[in-house]
Amino acid sequence: MTTILELTGVSKAFGGIRANRNVSLNVKQGEIVGLIGPNGSGKTTLFSSIVGAHPVDAGTIRFKDVDITPLRVPQIARLGLLRTFQQTRIYGGMTCMQNMVISASQRDATLFDLFARERADLDDRAERLLEFVGLYGKRHLPGGSLSFGQQKLLEFAMALMNEPDMLMLDEPTAGINPTLINGLVDRLKRANEEFGVTLFVIEHNMRAIMTLAERIYCLAHGELLAEGRPEEVRNDRRVIDAYLGAY
Amino acid sequence: MSNISILFQAPPLALQLVIDGFLIGAIFALAAYGMALVWGVMNIINITQGEFVMLGGFVAVVLYEAGIHPLWGVPAAAAVLYAVGWLTYRAVIFRIVDRDLFTSLLATFGISIILQQLMNQVFGADVRIAEAGLGSWFFADGLVTISQIKVVGFFICLGMGGGLLLFLKRSRLGQAIRATAQNARAARVLGVDTDRVYATTYALNAAICGAAGALVAMAYTIHPYIGLPYTIRSFMIVVIAGLGNLAGVVVAGLGLGAAEYFAGFILGAQFQLAFVFLLLVVVLVVRSWRLAMKRQYLK
Amino acid sequence: MTARHRLLLIAAAGLIGVLWPVLLPAYTIQMAELWLFIVFALTWDLVGGQMGYNSFGNVVFVGVGMYACAVVQVSILYSVSAYTAARGGGTEFVFPPDAYLTGLGLGLAAGAVAAVVVALCLGSLVLGMRGHYFAICTLGLGVAAGELAAGWDWLGAGAGMTAPPPPREIGDTNMLFYYMSLALAAVTFLGLGWLYRTRFVLAINAIRDDEDKAEAMGLDTTRIKVTAWAIGALFLGVAGGIYGNLKRFIDPTEVAFSGATVGVWMVLMAILGGKGTLWGPVIGAIVFQVTKEFFWTFLLGWQRVALGVLIVLIVVFFPQGILGWVRERFPERFGHTVEPDTVPAAAKDTVQ
């Protein structure tokens, strides 16, 4: 399997706080990789660094063999690397359908495509993806009127609509009703298998990430602590210590 | 542009511009401090700021035209504008404190239009002054003139700024104001009457502007339309210095005053206001660019 | 509101518009102003209500269009500096009908082009800031433009510039400018109506709702924002040209770049009618113009104070505007419905 994302020595500090220290990792195409670690270990910062939301202090990031370290967020997104947000961001003033249609892939699009006639194929895809996440009946409601969990699903559907090569999800099960988490994990797996989307997932829900991921990285105090298959990481002494605070 | 060479040929002229610039800059800094206070505590950008200055100036004018020495105008304007500010808060501002910044921009813009047009109706658009009757000091063979009332104004500004600082640091209400600025919710939970804090802050700001306005009327001139430029100057100074940076506000205020005088001299008086507003645009654009380098934006 | 109702409403408005100068000639200028106000409100809403970038500086485009048009109109026959030096009092500046009409046509085109160029140049600088910084920056731009024009002798400086006097042979120019205003309002309305049916409006709505998210989804937000501003500038440039000729006298700070009046009014009109809709700014402009004429007639002297009060009342108590209020009461009319959860069986196949 080819490597689709590669980080080498990535460091990022905010003032005196070293959020990421010399982090190196990789994700192979088609994989589902998890990123775990106690609160404040720098997971979201790492995601933000990868997608270009802030410049990194040191290190390189390569996506599909392109050096994306100096690139801006829209450019990286157009290369096929998307991320969802921890606080779930959607377009609250627009309907679910509109949220979906505007999320269609921008990769080959120019500004003028936005002026073209409405495309039935976009509407079709949008409807099917909304049904995939279970929001078909609510597709004409404004995004802002959905519940938090429904908005998370909408955000996921929008990401799929964009046909990304790799999707980075920041705590996709946070705030979701426990009975619905299995359904979400299921959909994530299907997205990976059927649509071929590589997944890189930050999670706190151990059960969810252990069943979902093929490989897991563990971050603590901004540094990479451990890496391996779920069973290995779960039983790693250092990981247990990090979570229980012995570090 | 040939005026620049004159500056080099007669250095005392440049000194004059700097001195005059600093003297009015103190007034700019004072008004900016008030705007920063309201912005920091209530998250409201007060477009009415300049109109409060204008109103204060008219208080001094009214006193002067009634035969009273306009220096009494400073405390009088402060008192009158404190009431005006408090009333404005009770009538309008308290309703928009929790809303988005654009609402506060538009609402305070509307209030500024009301005040400006009201004064235009009552006093007419003519330029007014309040003569303080003080003379000037002359230096360098008469090339450098320092108007005494301007110097008096400078020290009054310093005094007021210092007094405000002391009030915020030492008094109970001042501490309540600072607490609310940092975290309104927490302050409320701890028993601070945030509504009273907001009212006091807004009224205090108006009072400061009023006093500044009285100084403007004595040292310079007043008419109903001087408001917006003062608002823009205050905003610019706060943007350059940053909220909570008092030293920065003073430096930026004095610097702006000097810059304006130089611009007026070099470009011609008719372009002085254009300079002020263009400078605002330049400051914002430069700030925006520098943030873009860090992949952030002005928000 | 069904499509048929909407069509009937537009037809009725069109009919009233076309017949107005015939029915009520005394109010031709005010109605022409109303059509131009509709253009101002609609273009403001494109960038303000639909895109969330509340500009106080759209007057820049009006003023640029106004001066560009007048300059082209004059320079067809005469030197601009000689014309402005004479302060419009010279009888030697005569414009025969063909020169006048050609000048007018070219002038309006020049106004549009000049406004768009300014939008493209300023846009890249200014659209990088958001929220109130953008609003105040554009406010500064608007006033600065007025002050610059007031200092520029070639344009007549503080004394302003008179629009070229129309030759007597043309007849009632108020009617001419009235129909031009009406035509521009119609074109703007239909143009934006078309635009609001494309995905471009979704893009600018996305920028309004969450610009960071839009960037994270790959949208080229900078280019979209500048394009939207330029589209508005195009219509505003032409509107400025017509407005200058309608008012006859172009004062740099009162007419051309009147930030504290027209600049704020266009914001108010859009908010009053309902931000972010197509009909909202139209309704808002109509209600505003009627109210303004009422104030000017019955509250003379205090009319501007009354307008200030109106601004505060609307912003504080009625920020959702007329259409916003309707949408809250009747969401179904706007299509916000809940439907059954599954795709109709006939259309179902693999998700990709």
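Q: Which residue is the bridge partner of L7(A) in β4(A)?
A: This is a predicted model, and in it the bridge partner of L7(A) within β4(A) is I61(A).

Q: How many bridges join β1 and β4 of chain A, and in which sense do they pair?
A: Strand β1 (residues 3-14) of chain A pairs with strand β4 (residues 58-63) of chain A in the antiparallel sense, and the pairing runs over five bridges.

Q: And what order do the strands of that open sheet have?
A: The order is β2-β1-β4-β5 (chain A), which makes an open sheet of four strands with antiparallel pairing.

Q: Why is one side of β2 and of β5 in chain A left without a neighbour in the sheet?
A: Both β2 (17-28) and β5 (66-67) of chain A stand at the edges and have a single partner strand each, so one side of each has no neighbour in the sheet.

Q: Which strands does helix α1 of chain A touch where it packs on the sheet?
A: Helix α1 (residues 43-51) of chain A touches β1, β2 and β4 of chain A as it packs on the sheet, and its direction makes about 65° with that of β2(A).

Q: Stepping back, what does the secondary structure of chain A come to?
A: Chain A has nine helices and ten strands, and its C-alpha trace spans about 55 × 40 × 35 Å along the principal axes.

Q: How does the radius of gyration of chain A stand against that of a compact globule?
A: For 247 residues a compact globule would have a radius of gyration near 18 Å, and chain A has 18 Å, so the two agree. Buried residues make up 48% of the 247 residues in chain A, and of the contacts between residues at least 6 apart in its sequence, 68% join residues at least 24 apart.

Q: Where in chain A is confidence lowest, and where highest?
A: Confidence is lowest in helix α9 (residues 237-244) of chain A, with a mean of 83, and highest in strand β8 (residues 198-202) of chain A, at 96. Over chain A the pLDDT averages 90, and 97% of the residues score at least 70.

Q: Changing topic, how many residues of chain C are in contact with chain B?
A: On chain C 35 residues are in contact with 36 residues of chain B. The largest share of that side of chain C, 14 residues, comes from α6(C), and by class the side has 24 nonpolar, eight polar and three charged residues.

Technical notes
Residues numbered from 1 in each chain as written. Chains lettered and ligands numbered in written order. Predicted model: local features only at pLDDT ≥ 70, side-chain atom pairs only at ≥ 80, totals over all residues. Contact = placed C-beta atoms within 7 Å. Helix = DSSP H or I, 4+ residues; strand = E, 2+ residues; numbered from the N terminus. Nonpolar A, V, L, I, M, F, W, Y, C, P; charged D, E, K, R; others polar. pLDDT = per-residue confidence, 0-100. Rg over C-alpha atoms; globule rule 2.2 N^0.38 Å. Buried ≥ 20, exposed ≤ 12 C-beta atoms within 10 Å, placed from the backbone. Pairing = 2+ DSSP bridges. Axes fitted to C-alpha atoms, helices over the stretch in contact; angles between N-to-C directions.
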